[in-house]
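Welcome! Have a look at the picture first, and then we will go through some questions together.

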Amino acid sequence: MKTVIISGQNHKGSTYHIAHRLAKKIGGETTEFFLPKDFGEFCLGCTQCFTEDENKCPHYQKLTPITNALDRADVIILASPVYVFHATGAMKALLDHYGYRWMAHRPEEGMFRKQGVCISTAAGAGMKSTIKDMEDSLFNWGVARTYRFGMAIAATDWNGVSEKKKAAIEKTTDALAGKIIKRQGRVKPGMKTKGMFFIMHLLQKNGWNEKDVRYWKQKGWTEKKRPWKS
């Protein structure tokens, strides 16, 4: 199994440690990226990825290693600590570059067979809204199954996390890893994802963006073919 971890900050804090433990329990090959070290560009809003091609993005070359890792992975882990009740700016900046991959545009077919995990920690609160920042992208990419792990750790670094909380982290990551391993190769999108896909399927029959319409028709998705079916 292949896992990719994208950490929303450069240093290895509590959120990183949880993501790393989960990936280790899943097993297999793990690829890691740290933001903004491995990608720190802001989307310029040029719309080239939507109307022309994603390789027209000014940051396409810098983004390619992360894109390739996402496409190869069976499991995508997005990990961000809470920054003022939201994901880090670096995480948001990365996800902005994949707007063209949302179901409203040109979703990558393989995403509909992947599993995703959104992880967030804070000393106090804000995990729910931070996880939603990341989960919105996983859902709209078409990721078949997404898990959430948010925890108030009452500390500013991993060394300050209590043994009781670390024990709870071990228990939760054990359970998550077990579910992911069990579902590997058999995961399919839920009704919410299928419903969104169906709406996009109708809209793309006579869509406004020629690039998107052509993509959907080439895939056969404007007819009866579906990305989660062989």
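**Reading the structure, term by term**

Q: Why is Val84 called exposed?
A: Val84 has a relative accessible area of 78%. Exposed means over 50%, buried under 20% and partly exposed in between (1.4 Å probe, protein chains only), so Val84 counts as exposed. Before we go on: this is a predicted model, in which local features need pLDDT of at least 70, side-chain atom pairs count only at pLDDT 80 or more, and totals for chains, interfaces and linings use all residues. Residues are numbered from 1 along each chain as its sequence is written, and side-chain values use heavy atoms, with hydrogens and water left out.

Q: Why is strand S4 described as largely enclosed by the rest of the structure?
A: Eight of the eight residues of S4 (residues 115-122) are buried, so the strand is largely enclosed by the rest of the structure. Gln115, Val117, Ile119 and Thr121 point one way, while Gly116, Cys118, Ser120 and Ala122 point the other way, and all are buried.

Q: How do you know that S3 and S4 pair?
A: Two strands pair if DSSP finds at least two bridges between them. Strand S3 (residues 75-79) and S4 have five bridges, in the parallel sense, so they meet that rule. Within this pairing, Ile76 stands opposite Gly116 in S4.

Q: What makes S4 and strand S5 a pair?
A: Eight bridges join S4 to S5 (residues 145-152), and the two run parallel. Here Gln115 stands opposite Arg145 in S5. The chain crosses from S4 through helix H5 (residues 127-141) to S5, and this β-α-β crossover is right-handed. That word applies if, with the strands pointing away from the viewer, the path from the first strand over the helix to the second runs clockwise. S3, helix H4 (residues 89-96) and S4 make a right-handed β-α-β unit as well.

Q: How do you know that Thr121 is buried?
A: Thr121, found in strand S4, has 5% relative accessibility, so by the cut-off above it counts as buried.

Q: What makes the link between Thr121 and Thr15 a polar contact?
A: A polar contact is a pair of N or O atoms within 3.5 Å; within protein, one must be able to donate a hydrogen and the other to accept it, and residues adjacent in sequence count only if both atoms are side-chain atoms. The side chains of Thr121 and Thr15 are joined at 2.7 Å. Contact in general means heavy atoms within 4.5 Å. Leaving aside neighbours within four places in sequence, Thr121 is in contact with several residues, including Ser14, Ile18, Ser80 and Met151.

Q: Why is Pro227 called buried?
A: Pro227 has a relative accessible area of 0%, so it is buried. This residue is found in the segment after H8. Not counting residues up to four places away in sequence, Pro227 touches Glu109, Phe112, Arg113, Phe197 and Trp221.

Q: What kind of peptide bond joins Leu35 and Pro36?
A: The bond is cis, with omega about 5°. Pro36 is found in the loop between S2 and H2.

Methods
Helices (H or I, at least four residues) and strands (E, at least two) are DSSP runs, numbered from the N terminus.
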